[in-house]
Amino acid sequence: MMAIAQDRKEKNSPTELKSWPQRIGVQRSWLWRGWQIRYSFWRSSDRRGRSPILLLHGFGAALEHWRGLIPQLAQDRDVYAVDLLGFGGSRKGEANFGVPLWTEQLEDFLRLVVRRPVILLGNSLGSLVCATLGQNPKNQVQAIALLSVPDVAQRQAMLPKPLRPIVNGLERSAMQPWLLKLIFRLARQPLVLKNWLKLAYPSWPEIDAELLAIVQAPTCDQDADTAFVALSRRVGQPGFAPPMAEVLAQVQCPIFILWGEQDRFVPVAIAPKLAATNPQINLTVLPGLGHCPQDEAPAQIYELFSQWLEATNGL
């Protein structure tokens with residue numbers, strides 16, 4: 001099922017709201033396999049015992065990207081937001097980064113911290129982890145909402161077989177640590193980050209200082225450059241992420257996919273193909289929005305998400 005959401009232009013830019021630390025809940029630390037993991041928790045005043053929501057950010061992002069949505073979600077149920085290992089306020093360094101590792105991180109988080117049935121909401125890279133978590137019944141995932149789904153695993157498959165060794169060889173030669181660290185130092189400069197954010201936020205005429213600070217801060221952490229090198233060298237490798245068409249086809253719970261029509265990082269054209277993999281998928285295209293709709297238009301996302309949950313067996 002596919003729908004086109006009503007195009008709404010929100011006026012509540014982040015600078016008109018409270019500062020972001022007051023909008024993401026209580027920040028906490030959790031030690032996982034010797035790594036420090038940051039997460040936030042907002043206990044809802046609603047005492048009806050509804051299942052909590054777990055939020056997972058996208059590539060290069062952090063739990064602050066839910067700053068506009070967390071207070072609204074917390075009206076109805078408890079909310080957790082987690083920084084994936086290597087991102088945000090979580091520890092950075094050399095690791096075997098990929099969806100399998102992050103899935104293990106979140107499986108343990110659900111088992112040891114949340115400890116009850118949960119609803120997942122992920123953006124971009126976070127959506128890959130959410131979908132993979134939903135495959136395993138032991139994780140007690142009741143429903144999944146995905147904001148843009150980059151099918152990273154299909155990148156290799158799209159290359160003609162005779163060209164794959166050539167392309168892979170060229171990429172390996174360009175993935176030298178010294179070169180990647182130089183790229184990292186250039187990429188974290190405010191002007192460069194601002195231009196990337198303009199691509200991700202097509203509905204915003206200006207990128208405010210708060211958003212820029214949220215994205216730049218983790219790049220200054222200890223070993224952030226080491227994590228960037230490890231991530232860059234892993235993204236194009238087999239095993240970084242499973243094929244999403246296969247993952248989604250195996251998920252047994254309801255799935256809601258929301259996709260910005262103006263997404264410049266993951267084209268909306270692939271959305272119907274992924275939605276066709278499972279009859280439980282409900283797809284809604286968001287006119288005027290881009291790659292981070294939860295931050296571009298949090299009130300609209302909250303309304304659509306709440307309506308979907310209510311229609312999904314009253315979750």
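The legends below describe close-up views of one predicted model.

Residues are numbered from 1 along each chain as its sequence is written. In this predicted model local features need pLDDT of at least 70, side-chain atom pairs count only at pLDDT 80 or more, and totals for chains, interfaces and linings use all residues, while side-chain values use heavy atoms, with hydrogens and water left out.

**View 1. The protein chain as a whole.** The secondary structure of the protein chain comes to 13 helices and nine strands, where helices (H or I, at least four residues) and strands (E, at least two) are DSSP runs numbered from the N terminus. Of the 315 residues in the protein chain, 52% are buried; buried means under 20% relative accessible area, exposed over 50%, and partly exposed in between, with a 1.4 Å probe and protein chains only. Contacts (heavy atoms within 4.5 Å) between residues at least 6 apart in sequence join, in 76% of cases, residues at least 24 apart.

View 2. Strand β6 (residues 118–123) is mostly covered, with six of its six residues buried. V118, L120 and G122 point one way from β6, whereas I119, L121 and N123 point the other way. In a regular strand the side chains alternate between the two faces of the sheet. Strand β4 (residues 53–56) pairs with β6 in the parallel sense over four bridges, and β6 pairs with strand β7 (residues 141–147), also in the parallel sense, over six bridges; two strands pair if DSSP finds at least two bridges between them. G122 of β6 is the bridge partner of L56, and G122 also stands opposite L146 in β7, while L120 has I144 of β7 as its bridge partner. Because six of the seven residues of β7 are buried, β7 is largely enclosed by the rest of the structure.

View 3. S127 lies in helix α3 and counts as buried because its relative accessibility is 0%. The side chain of S127 reaches the backbone oxygen of S124 at 2.4 Å. This is a polar contact, that is, a pair of N or O atoms within 3.5 Å, of which, within protein, one must be able to donate a hydrogen and the other to accept it, and residues adjacent in sequence count only if both atoms are side-chain atoms. Leaving aside neighbours within four places in sequence, S127 is in contact with G122, L146, L147, S148, V149 and P150. S148 is found in the loop between β7 and α4 (154–158) and, at 2% relative accessibility, counts as buried. A polar contact of 3.5 Å joins the side chains of S148 and H291. With neighbours within four places again left aside, the contacts of S148 include N123, S124, S127, W259, D263 and H291.

**View 4. Helix α2 against helix α3.** Helix α2 (residues 99–114) and helix α3 (residues 125–134) pack at an angle of about 65°, with their axes 9 Å apart; axes are lines fitted to C-alpha atoms, for helices over the stretch in contact, and angles run from 0 to 180 degrees between N-to-C directions. V99, W102, T103, L106, E107 and L110 in α2 meet L125, L128, V129, T132 and L133 in α3. By class, this contact of α2 with α3 has eight nonpolar, two polar and one charged residues, where Ala, Val, Leu, Ile, Met, Phe, Trp, Tyr, Cys and Pro count as nonpolar, Asp, Glu, Lys and Arg as charged, and the others, Gly among them, as polar.

**View 5. Helix α6 against helix α9.** Helix α6 (residues 177–187) and helix α9 (residues 224–235) pack at an angle of about 115°, with their axes 9 Å apart. The contact is made by P177, L180, K181, I183 and F184 of α6 together with A224, D225, T226, F228, V229, S232 and R233 of α9. By class, the contact of α6 with α9 has seven nonpolar, two polar and three charged residues.

**View 6. W204 and helix α8.** W204 is found in the loop between α7 (190–200) and α8 (209–216), and W204 counts as buried because its relative accessibility is 15%. Although W204 and G290 are 86 residues apart in sequence, they are 9.7 Å apart in space, C-alpha to C-alpha. D208 caps the N-terminal end of α8, with a side-chain oxygen 3.0 Å from the backbone nitrogen of E210. In α8, E210, L211, L212, I214 and V215 are buried, and what covers the buried residues of α8 includes α7 and α12 (293–296).
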